[in-house]
Amino acid sequence: MSALALAVGAVMWMHEYAGGGGLFFLGVAGVLATMFFWWSDVIREAHAGDHTPVVQLHLRYGMILFIASEVMFFVGWFWAFFDFSLFPSALAPIKGLFPSEGIEVMNAFELPLLNTLILLCSGTTVTWAHHALIHGDRDGLKKGLLATIILGALFSAIQAYEYAHAPFEFGGTPYSSGFYMATGFHGFHVLVGTIFLIVCYIRAVRGDFTPRQHFGFEAAAWYWHFVDVVWLFLFVAVYVWGGWGAPVHGG
């Protein structure tokens, strides 16, 4: 019901219907409450000993399927970006969408490259935290998680700065639309992953995870590695290949 309210509210808000914004935020609040109470129950079940090996296996299957659905979500944005780039003549019948020739692009080897290095480093720190947990090193677990959270927040801050100084606005051209939708949704996933890791850090401080039972942390680590890999594809396809030969902003 909350997801339905969120979706309907978003459509109403975008079409400027009265009450659309209020319905949207009510749906967001409902979804967040559902997530909090649902996953709180999952944690309580784990502490009660209800997470048998079979249950843990099925939780892993669920997380794998969720990540697979996220992969297909980004496949759609990559498909759109390559379709815009390789077949621009197909856009001719679409009114209001202008060609991307002459548009200035971001320099791929400045802030985007820095963010690539930050995410790669964060992948190593979350792996360090996982390795420490498996070997019973709780101090290493907390330090690795904290380092990953800081790097994730730094990535988001740099991306916000990049958006604020981008030489093109959202929409209007195929390149700008594809750029903001693909990188923007990735940025949203980084925020979600950072929140996921913050929850894991709080649980680690409370002593929730053990070397034999730590699915919550494992799921967060899988999700974070997925975010890392998607960014590598975005960096190569959108920033490097997508801006090849175009005038560089500030260059």
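1. The C-alpha centres of domain 1 and domain 2 lie 22 Å apart. Domain 1 covers 1-50 and domain 2 covers 52-239, with bounds that come from an automatic or database domain assignment. Four residues of domain 1 are in contact with five residues of domain 2, where contact means heavy atoms within 4.5 Å.

2. A word on the basis of these notes. This is a predicted model, in which local features need pLDDT of at least 70 and side-chain atom pairs count only at pLDDT 80 or more, while totals for chains, interfaces and linings use all residues. Residues are numbered from 1 along each chain as its sequence is written, and side-chain values use heavy atoms, with hydrogens and water left out.

3. Now the overall fold. The protein chain has seven helices and zero strands; helices (H or I, at least four residues) and strands (E, at least two) are DSSP runs, numbered from the N terminus. Along its principal axes, the C-alpha trace spans about 60 × 45 × 30 Å. Of the 251 residues, 38% count as buried, meaning under 20% relative accessible area with a 1.4 Å probe, protein chains only. Among contacts with a separation of 6 or more, 77% join residues 24 or more positions apart.

4. Do have a look at the largest pocket, which holds about 2000 Å³ of space. A pocket here is an open set of points on a 1 Å grid over the protein atoms alone, where a 1.4 Å probe fits, with protein on both sides within 12 Å along at least five of seven lines; lining residues have an atom within 4 Å of a point. The volume is the space filled by probe spheres set on the points, which are joined across faces, edges and corners. Of its 46 lining residues, Met35, Phe36, Trp39, Val192 and Phe196 are the closest to the centre.

5. Where does the largest pocket lie relative to domain 1 and domain 2? Both domains give residues to its lining, so the pocket lies between them. Helix 2 gives the most, with 14 residues, and helices 1, 3, 6 and 7 each supply at least two.

6. Ala46 is buried, with a relative accessible area of 18%. Leaving aside residues up to four places away in sequence, Ala46 touches His51 and Gln213. The C-alpha atoms of Ala46 and Gly19, 27 residues apart along the chain, are separated by 41 Å.

Notes. Buried means under 20% relative accessible area, exposed over 50%, partly exposed in between (1.4 Å probe, protein chains only).
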